[in-house]
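Please walk through the model below with its sequence at hand.

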Amino acid sequence: MNTVGHVFFANLLLVFGAPSAVSPTTLIITSIASIITDLDHISHLRVAMKTRRFKSETRSRWHELPGLLLAMSISLTIMFFSATVGRLFLIGFVSHYTLDLLTRPTRPFYPLSEKVVFLGLAPRNLKKLTAYDTIITVIMGVILIAGLHGQGLLSI
């Protein structure tokens with residue numbers, strides 16, 4: 001999923017899963033946590049620009065199960081200092097891995113296994129995938145705006 005889609009998905013989980021915790025600050029924290037996982041893509045930007053996509057092979061171990069476990073451990077550690085902030089990071093981190101697993105080919109057990117898992121919930125064809133991502137991102141954005149409006153955090 002694209003970066004904006006990751007941000008929208010994480011914030012949807014926050015808005016509808018923990019509405020009492022929603023504020024501009026918590027939305028920012030959850031947004032950052034939802035995209036920090038993609039930092040491992042930076043070393044593959046040149047190839048991705050040529051092929052116009054990131055493949056499962058471009059993901060490091062930190063973008064798969066070991067990364068999820070580390071991210072969850074970091075979130076739990078933060079909870080000792082601030083339960084709210086720890087939960088915000090947890091929502092962001094877990095939402096990223098969940099959305100990737102649902103919409104992209106992944107290697108969830110890498111580096112223990114190179115096996116690629118693809119649930120088939122999104123098309124593989126680049127043109128169709130781009131349309132799919134755009135539609136899903138717009139839908140999530142509309143729902144997020146409606147949710148924020150419903151909580152009085154956004155007036156439209």
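**From one serine to the whole fold**

Leaving aside residues up to four places away in sequence, Ser 34 touches His 6, Val 7, Ala 10, Gly 92, Ser 95 and His 96, where contact means heavy atoms within 4.5 Å. Ser 34 belongs to helix 2, helices being DSSP runs of H or I with at least four residues and strands being runs of E with at least two, numbered from the N terminus. Ser 34 counts as buried because its relative accessibility is 0%; the classes are buried under 20% relative accessible area, exposed over 50% and partly exposed in between, with a 1.4 Å probe and protein chains only.

This is a predicted model, in which local features need pLDDT of at least 70 and side-chain atom pairs count only at pLDDT 80 or more, while totals for chains, interfaces and linings use all residues. Residues are numbered from 1 along each chain as its sequence is written, and side-chain values use heavy atoms, with hydrogens and water left out. The mean pLDDT, the predictor's confidence in each residue on a scale from 0 to 100, is 89 for the protein, and 87% of its residues reach 70 or more. Confidence is lowest in helix 3 (residues 45-51), with a mean of 63, and highest in helix 1, at 97.

The protein has six helices and zero strands, and of its 156 residues 36% count as buried. Among contacts between residues at least 6 apart in sequence, 62% join residues at least 24 apart.

Which residues touch the most other members of the largest nonpolar core? Of its 13 residues, they are Leu 14, Val 15, Val 22, Leu 27, Leu 144 and Leu 148, a nonpolar core being a set of buried Ala, Val, Leu, Ile, Met, Phe, Trp, Tyr and Cys residues joined through side-chain atoms within 4.5 Å. Two or more residues of this core come from each of helix 1 (3-17), helix 2 (24-35), helix 5 (83-103) and helix 6 (126-150), and helix 1 gives the largest share, four residues. Val 15, again not counting residues up to four places away in sequence, touches Val 22, Leu 27, Leu 144, Gly 147, Leu 148 and Gln 151. A second, separate core of five residues includes Leu 68, Ala 71, Phe 93 and Tyr 97.

Tyr 97 is found in helix 5 and is buried, with a relative accessible area of 12%. Beyond residues up to four places away in sequence, Tyr 97 touches Thr 37, Trp 62, His 63, Glu 64, Gly 67, Leu 68 and Ala 71. Tyr 97 and Thr 37 are 60 residues apart along the chain, yet their C-alpha atoms are separated by 8.4 Å.

Tyr 97 also takes part in the lining of the second largest pocket: among the twelve lining residues, the closest to the pocket centre are Leu 65, Leu 68, Tyr 97, Leu 101 and Pro 108. Helix 4 (65-79) and helix 5 each supply at least two residues of this lining, and the largest share, five residues, comes from helix 5.

Pro 111 lies in the loop between helix 5 and helix 6, and a cis peptide bond, with omega of about 10 degrees, joins Tyr 110 and Pro 111. For context, most peptide bonds are trans.

Notes:
1 Å grid on protein atoms, 1.4 Å probe; cavity = no way out; pocket = protein on both sides within 12 Å on 5 of 7 lines; lining within 4 Å.
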